[in-house]
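Try each task before reading its solution.

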Amino acid sequence: MNRDAIARYGLNVSDVNDLIEIAIGGRAIAQFYQGDRVYDITCKYREDARDTPEKIARLMLTSATGAKIPLSQVADIRLSTGESTITREMNKRHLTVKLNLRGRDLGSFLKEAQATIEKNVPYDHNLYRIEWGDSLKTSTGPIPAWLSSCRWR
């Protein structure tokens with residue numbers, strides 16, 4: 001977000017956040033009661049109005065004076081890849097990867113995965129580390145698939 005541009009248009013950062021939340025993620029605008037259950041009624045923009053970065057950039061904000069401002073005038077809209085949720089452990093980011101392996105011995109898969117990652121995935125070994133779950137470190141044969149996880153730090 002470009003805070004200077006937001007201020008120039010007489011908007012607040014919360015105005016931009018509200019537009020993004022409602023348009024893309026949706027926001028509960030009311031509740032529906034059925035017996036003892038409560039359901040949120042959520043409002044968000046149609047999928048075809050928000051399915052590309054270009055369409056998101058054209059979403060309109062309304063200033064206090066009624067002026068219509070495209071989101072692209074106050075924010076840089078771009079598609080990027082990465083983890084959607086950042087989790088931390090011991091104040092360090094980490095990513096947990098889990099898998100369910102079928103039709104193959106997990107121990108041999110683990111050895112192949114470790115070798116493939118080491119050979120084909122360049123990363124700074126001083127900044128990042130791959131930590132395989134304790135049960136996997138010593139596995140040479142079949143182990144339950146639910147034990148399979150590795151952690152990137």
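The exercises cover a helix, a loop residue and an aromatic pair in this predicted model.

**Exercise 1.** Find which residues of helix H4 are buried, and where they lie around the axis of H4.

*Solution.* 
- Start with the extent. H4 runs over residues 106–120, which makes 15 residues.
- Check the span. From first to last C-alpha, H4 reaches 20 Å, close to the expected 21 Å.
- List the buried residues: Leu106, Gly107, Leu110, Ala113 and Ile117.
- Look down the axis. These buried residues fall within an arc of 120°, so they line one face of H4.
- Recall the helix rule. Residues three or four places apart point the same way, because an α-helix has 3.6 residues a turn.
- Turn to the other side of H4. There, Lys111 and Lys119 are exposed.

**Exercise 2.** Place Ile77 in the chain and name the residues that Ile77 touches, leaving out those up to four places away in sequence.

*Solution.* 
- Locate Ile77. It sits in the loop between strand E4 (68–70) and strand E5 (87–89).
- Collect the contacts: Pro53, Ile56, Ala57 and Leu71.
- Take Pro53. It is 24 residues from Ile77 along the chain, yet their C-alpha atoms are 6.0 Å apart.
- Ile77 has a relative accessible area of 25%, so it is partly exposed.

**Exercise 3.** Classify the aromatic pair formed by Phe32 and Tyr39.

*Solution.* 
- Count first. The model has 1 aromatic pair.
- Read the geometry. The rings of Phe32 and Tyr39 are 6.4 Å apart, centre to centre, with 35° between their planes.
- Apply the cut-offs. Stacked needs under 30 degrees and edge-to-face over 60, so this pair is tilted.
- Phe32 is partly exposed at 43%, and Tyr39 is partly exposed at 34%.

Methods
Residues are numbered from 1 along each chain as its sequence is written. This is a predicted model: local features need pLDDT of at least 70, side-chain atom pairs count only at pLDDT 80 or more; totals for chains, interfaces and linings use all residues. Side-chain values use heavy atoms; hydrogens and water are left out. Rings of Phe, Tyr and Trp (its six-membered ring) pair if their centres lie within 6.5 Å; planes under 30 degrees apart count as stacked, over 60 as edge-to-face and the rest as tilted. Buried means under 20% relative accessible area, exposed over 50%, partly exposed in between (1.4 Å probe, protein chains only). Helices (H or I, at least four residues) and strands (E, at least two) are DSSP runs, numbered from the N terminus. Contact means heavy atoms within 4.5 Å. The expected span of a helix is 1.5 Å times one less than its number of residues. The arc is that of the directions from the helix axis to the C-beta atoms.
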